[in-house]
Amino acid sequence: QAALKIDKDYAFAIRLLGQMNLNQGHAADAAKYYQHALEVASKPVEPKDKDADSKLQNQKAEQVEDHVGLAITDLEQKHSAEAFKQFDEAIKLDPGFAKIYEVRAQAYLQQGQRELARKDLQMLEKIARGTNNANLAQMAQVRLYMLDAQPPGPPPGPPPGPPPVGTGTPAPEASSTPIQILPPPMQAPQSTPSAASTATPTPSAPAAGSPSPSPAVSASATP
């Protein structure tokens with residue numbers, strides 16, 4: 001917020017606020033920030049600028065991130081049609097941006113479209129191998145394996161988090177895997193009562209001078 005007071009069009013700060021709001025579950029607010037960041041990243045660059053080519057490349061990478069961020073906010077708000085339009089726009093700008101296929105594959109799984117999810121995961125693996133990103137390639141392989149191992153059923157869970165803030169790279173590091181086989185939670189072992197806790201308490205001796213207790217009368221005694 002402080003940076004935006006100095007420069008209201010500071011795209012990095014705007015995008016970061018979008019990510020923070022999305023992480024906090026405020027999808028509608030996050031969408032406003034991502035939309036603002038997209039507008040800033042879409043401003044024309046002066047052709048005579050000596051760094052025009054570099055600026056245009058950076059702008060395109062930022063626009064891709066903003067479209068993916070908007071897609072995630074749409075998914076969070078159950079606006080599936082709008083989300084897939086954002087994915088399409090991102091692919092038009094950079095078909096090699098791995099995050100698009102990672103997030104969209106999960107969105108397809110949410111809708112039960114397993115074959116479309118498979119195609120995106122295969123594309124994700126291809127991009128990862130082409131950029132020598134071994135971690136991302138392995139993650140894609142694991143998801144493909146788990147997709148084949150799991151029978152069709154309910155969606156596996158919410159989509160992954162927002163894309164990393166920055167200028168963007170074609171193949172970011174793998175994020176948290178949305179399809180996971182987790183071990184059951186460990187249960188604390190039930191404690192066994194100790195001998196001390198189960199022992200019959202020994203009656204204390206009567207105090208000096210106090211009358212002795214009367215002997216117990218047997219229930220079977222004959223009067």
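This is a predicted model: local features need pLDDT of at least 70, side-chain atom pairs count only at pLDDT 80 or more; totals for chains, interfaces and linings use all residues.
Read along the sequence, the pattern is α-α-α-α-α-α-α-α-α.

**Overall figures**

The chain has 223 residues, and 37% of them count as buried.

**Core**

The largest nonpolar core holds 37 residues. Inside this core, V68, F87, I100 and L124 have the most contacts. Six named elements give two or more residues each: α3 (27-41), α4 (52-76), α5 (80-93), α6 (98-110), α7 (114-130) and α8 (134-149). Helix α6 provides the largest share, 8 residues.

What does L124 touch, leaving aside its neighbours within four places in sequence? L124 is in contact with A98, Y101, E102, L136, M139 and A140.

**Helix α2**

Helix α2 covers residues 11-23 and includes M20. N21 is also placed in helix α2. Beyond its neighbours within four places in sequence, N21 is in contact with H26, D29, A30 and Y33.

M20 also belongs to a nonpolar surface patch with Y10, F12 and L16. Together these residues have about 350 Å² of accessible area.

**Salt bridges**

The count comes to 11 salt bridges.

| Pair | N to O distance |
|---|---|
| K55 and D49 | 2.5 Å |
| E89 and K92 | 3.5 Å |
| R104 and D88 | 3.8 Å |

In the K55 pair, K55 is partly exposed at 37% relative accessible area.

The R104 and D88 side chains meet in a salt bridge. R104 lies in helix α6 and D88 in helix α5, so the pair ties together parts 16 residues apart in sequence. R104 counts as buried at 11% relative accessibility, whereas D88 counts as partly exposed at 40%.

E89 and K92 both lie in helix α5, 3 residues apart, about one turn of the helix. E89 counts as partly exposed at 34% relative accessibility. K92 counts as exposed at 63%.

Salt bridges also link R15, E62 and D66 in a network.

How values were computed
Residues are numbered from 1 along each chain as its sequence is written. Side-chain values use heavy atoms; hydrogens and water are left out. Patches are made of residues with over 30% relative accessible area and no salt bridge: like charges are joined within 9 Å, nonpolar side chains (Val, Leu, Ile, Met, Phe, Trp, Tyr) within 5 Å. Accessible areas come from the Shrake-Rupley method with a 1.4 Å probe; for residues, only the protein chains shown count as cover. A salt bridge is a side-chain nitrogen of Lys or Arg within 4 Å of a carboxyl oxygen of Asp or Glu. Helices (H or I, at least four residues) and strands (E, at least two) are DSSP runs, numbered from the N terminus. Contact means heavy atoms within 4.5 Å. A nonpolar core is a set of buried Ala, Val, Leu, Ile, Met, Phe, Trp, Tyr and Cys residues joined through side-chain atoms within 4.5 Å. Buried means under 20% relative accessible area, exposed over 50%, partly exposed in between (1.4 Å probe, protein chains only).
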